[in-house]
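Colleague: I would like to learn how to read a structure like this one, feature by feature. Could we look at it together?

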Amino acid sequence: MSRRLWPPSESLVWLVLFALLCAAGMLLFYGMASGGGYAGITALLIFPALFGALVSHAQSPDGQNPWMGCFVWPLVAVAGLAAFGWYFMAEGGICLLMVLPIWVVGAVGGATMQLLNRRRYRALEQRGTELKSAAWVSALVLAATLDLTTVPSWSTETVVRNVLIEASPEQIWPVVLSIPAIGENEGSSNFAQDVAGIPRPTAALLTLEGGQLVRKAAWGPKVRFDERITNLHPAKLLAWQFVFPDRSVQEQTDHHISPDGEVLKIVSGRYELRRLGRDKTLLKLSTEYRMRSTLGPYLRLWGDKLLGDIQINVLAIVKSRAELKTSLPPA
């Protein structure tokens, strides 16, 4: 009697995995539409795990090819999924860069679990597969329940970068207050703006609006936001609250990540100047933000990296102009 390659139980595994993947995808996009679910366990771990399991099962249904089934094809599939999202669904580069590392972990983990499942199936007939498939169902239900019913608490984070400037606080102060006409060649190379695609600052102009001092910030050709001054001590301290009057930040960076949304709120910033010598000053730039997510520690790493890179670039611009003794760009 010839051996059947696709017995009914194996087809059932295919069907279950595909149905779970579709369900996870629906939850993922529902979460995106509702303004925050994409930052939860379902989207960042369970969805890629199911995807990796499906790819592993398709590539090696008998569980005899661990290297290709657990690593190579799941990685290729995740890369293809990211490319699909980038090209056809207009996913932002920042969002993809943030999810890809943890999606890779999830996909490889899911593929490995499915590979072990198939080997157990060969040894224990159908009982092992049924138990493992039930585990997939439980994982999806538990993760989705957590994401959709649990509201994570807000946590406040602060990102700080420093630069040593060969100038006095009095010479630096005018540059801190207002930075007009920032050139493309100013600042420093960094991951956030050169790889992730966050626009570079082009100006920060101090104005008087409704009796309050406001710095009008411009990044790239289209991004605009306000920095409403809350504390000012000449040559010592400048503090502000961020105000985002429109969607220009989202439209030019990533439409899933609002700087004043349900998951992330960029709150305030401050410059602090400390004199270290006659013509030497330590300039500190701080940015405070709030976020909430069931995967807060992972996203916190990205917050520190992206905001830190932006701060380093701004400090490099201030340093260059202050040491030239002018707030204007170098000729």
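Colleague: Which residues does I317 touch, not counting residues up to four places away in sequence?

Modeller: A word on the source comes before the reply: this is a predicted model, in which local features need pLDDT of at least 70 and side-chain atom pairs count only at pLDDT 80 or more, while totals for chains, interfaces and linings use all residues. Residues are numbered from 1 along each chain as its sequence is written, and side-chain values use heavy atoms, with hydrogens and water left out. Contact means heavy atoms within 4.5 Å, and by that rule I317 touches I179, I182, E186, G187 and P201.

Colleague: Is I317 buried or exposed?

Modeller: Buried means under 20% relative accessible area, exposed over 50%, and partly exposed in between, with a 1.4 Å probe and protein chains only. I317 counts as buried because its relative accessibility is 3%, whereas L208, at 64%, is exposed.

Colleague: Where is L208 found, and which residues form a nonpolar patch with it?

Modeller: Helices (H or I, at least four residues) and strands (E, at least two) are DSSP runs, numbered from the N terminus, and L208 belongs to strand 2, residues 201-209. A patch is made of residues with over 30% relative accessible area and no salt bridge, where like charges are joined within 9 Å and nonpolar side chains (Val, Leu, Ile, Met, Phe, Trp, Tyr) within 5 Å; a salt bridge is a side-chain nitrogen of Lys or Arg within 4 Å of a carboxyl oxygen of Asp or Glu. Here L208, L213 and L232 form such a nonpolar patch on the surface, with about 260 Å² of accessible area together, as given by the Shrake-Rupley method with a 1.4 Å probe, where for residues only the protein chains shown count as cover.

Colleague: What length does helix 9 reach from its first C-alpha to its last?

Modeller: The expected span of a helix is 1.5 Å times one less than its number of residues. Helix 9 (residues 296-323), which has 28 residues, reaches 39 Å, close to the 40 Å expected, and I317 sits in this helix.

Colleague: How many bridges join strand 1 to strand 7?

Modeller: Two strands pair if DSSP finds at least two bridges between them. Eleven bridges join strand 1 (residues 155-165) to strand 7 (residues 280-291), and the two run antiparallel, with T158 standing opposite E288.
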